[in-house]
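User: I would like to go through the labels on this model and see what stands behind each one.

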Amino acid sequence: MSISDLSSGEAWGTSQVGLPTLALKLSPFADESLPSLLMRLTEENILSGPHDILRVAGLSSVAMLSTAKREALEVLSVCLGIPISDLEKRILRGDIVRGGSVQFFGLTMRSMHFTFNRRRVSPKALKKGPYHRSSWAIGSLPYCTEEWEFLLDACPAECGRPLDWYGRLGPARCRHCGYDLRRARAKAVPETYRDAFKLLVDLVSPFDQTREDALKRVPGVLRSLTNVELLEFALGLGRAVLAAEGYDTAQPESRRWRGMAEGADLLLAFPASVGKFATSTRLNAKRSPFFSNLAAADYLNSFPAVRAIVDDVLREYEPILHGPIRLMAQREGRGDLSLSIAAEQLHLSKATMRRLADQRQFEVSPPRGFGRKLEWFSKVSVDAMAARLGNRQSALDFSRSYGMPLAGIEQLVSLGLLTVNNDPAVAAIYDGLQLHRGEVDDLVGRLCRCLRLLSGPVWSLADVFSAIGDSEKPWGAIVKALLDGSCLIEVGMSPVGLKLDELVVGQASGRAFIEGAYPELLALPERASVLGPEPDMTRLEVERYLNCFPRDVSWLMANGRLGRPEGARRSVPRGDVVQLGHELISSREITWRWRVSPTLREALPEYGIVRVAGPFWPRRQVADFFNERFPQGRPA
């Protein structure tokens, strides 16, 4: 990118390596975030916003810094005139989506702790130095230990708009109304919280020495944990304290601050500090609510070292003696699963799980309790059910994946190429025709091995089938012949891969097939009894059966020749369609069956044959006419 491409060209120069560089540079403060530096440079060089600087590196916004490639950061390093290593540590690099992790001055922390799009500031701290401190981006710690006030993330003036990383003004002003944030007043942090709050911030400070000093304050039993793990543990202790007290709608923000402070205090006096909760229980509870919430914390799954310490504390202060909790522990020890966990693993609803249990599809413990009826599922039976359901594939999925209509799939079942999945659990959960996934995969693999790309002129198999009327299309016969190696017509795969409705046929053999040279390929198998009665048809199936277009089906419905789907019924009665196919023939079928031009087809009235239903002709008259005119099946 050249200087002429950049806005405010007078603010730019050229580096020794030929890259654009800012004319006026600033040195970052030791704990300053990179977005803050970009805002100060924007203001100093009179640019329209940080994006003007980021454009040099191919970036359009501050949000893109988290995932920017190193090459882009190297260009930005030259532009700003600061070392690449110094630049990288000032960026929250990594997965900013909730649940991911980011790098913060050499520490790997969960991204959920940070605010990425909101700028949070301390007015008093901005008076000392008009820049954004990196630790202010830690959303879980909403205060400034430099001036002991809670951070602002919205303009305190009448504007009231959120503070962000855009605009031409520096980090000490609101970009919407220009209000000087240094004049604002923020709520002070209570004296009683300050020592605890300082520990939490110092554990993840941008300065190595500050982190080391914070680590020295932690009891020896916790020294094996990293600074990040200590922060997570302290916050987890605070959440457990609040959860044990129960939900309180009064002053939720101040309550959360108190929980954070208590968590830090518990950490500093650990493990003796948690002993006081062992005697604190609720009615009919066998374990202290504090320990119950501490043990159930989700964050422990990401920090095994913290989980081990929590487990040690539970064993020391909360031994399981008797009652429902003891039964729960014993069953979990055996690997049994609760109803909720079993349902989640199988991706089923609880109601479905209970229905399967009533059908004895699981090994289930006898229900306990008058109200909740707690049930436990054998892990072996749950794993077995997962395998059974995993071997299921619906005919609808098969049709969508490989392009074969339902009628063709039913023919494969009638020919014995596929079997119906009659597993009672599958039948209890899923509607419609269900198959065995293993058989479907094997069938598809065999087809792929016997098909190839064809050279020369070809027709699509779907178009060739348009010449077959008053009947379902012989998908089953074609597939069986391909697998047996006895297919007398040249069938190949389309370049897009295995899509059965996109298979192609050599024109010469396709013409012979249409003319009836291979009657065995036109034969339909006797319907297997396991399939039950033939279902009604969807509109797409009607189009395929009658060899017509969507507009033709609409015409038949509008003129009362075909029942229109109504209410909950989404299908057309099969009997109506079969009767129409027996009486009528479409213009499309005529063209493909006898390979005649539209001109000759439209001249049929000269021979006493006229349309009887919109785009349809009388089948018997048309067939007699063309069979007499073209004994060979097509024009000579």
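**Labels and their cut-offs**

User: What makes residues of helix H22 buried, and which are they?

Analyst: The buried residues of H22 (residues 507-514) are Ser 509, Gly 510, Ala 512, Phe 513 and Ile 514. Buried means under 20% relative accessible area, exposed over 50%, partly exposed in between (1.4 Å probe, protein chains only). Helices (H or I, at least four residues) and strands (E, at least two) are DSSP runs, numbered from the N terminus. The model is predicted: local features need pLDDT of at least 70, side-chain atom pairs 80 or more, while totals for chains, interfaces and linings use all residues. Residues are numbered from 1 along each chain as its sequence is written, and side-chain values use heavy atoms, without hydrogens and water.

User: Which elements do the buried residues of H22 pack against?

Analyst: Strands S12 (458-460) and S14 (504-506), plus helices H20 (461-465), H21 (475-484) and H26 (587-594). Contact means heavy atoms within 4.5 Å.

User: How do you know whether Cys 155 and Cys 174 are buried or exposed?

Analyst: Cys 155 has a relative accessible area of 4%, so Cys 155 is buried. Cys 174, at 0%, is therefore buried too.
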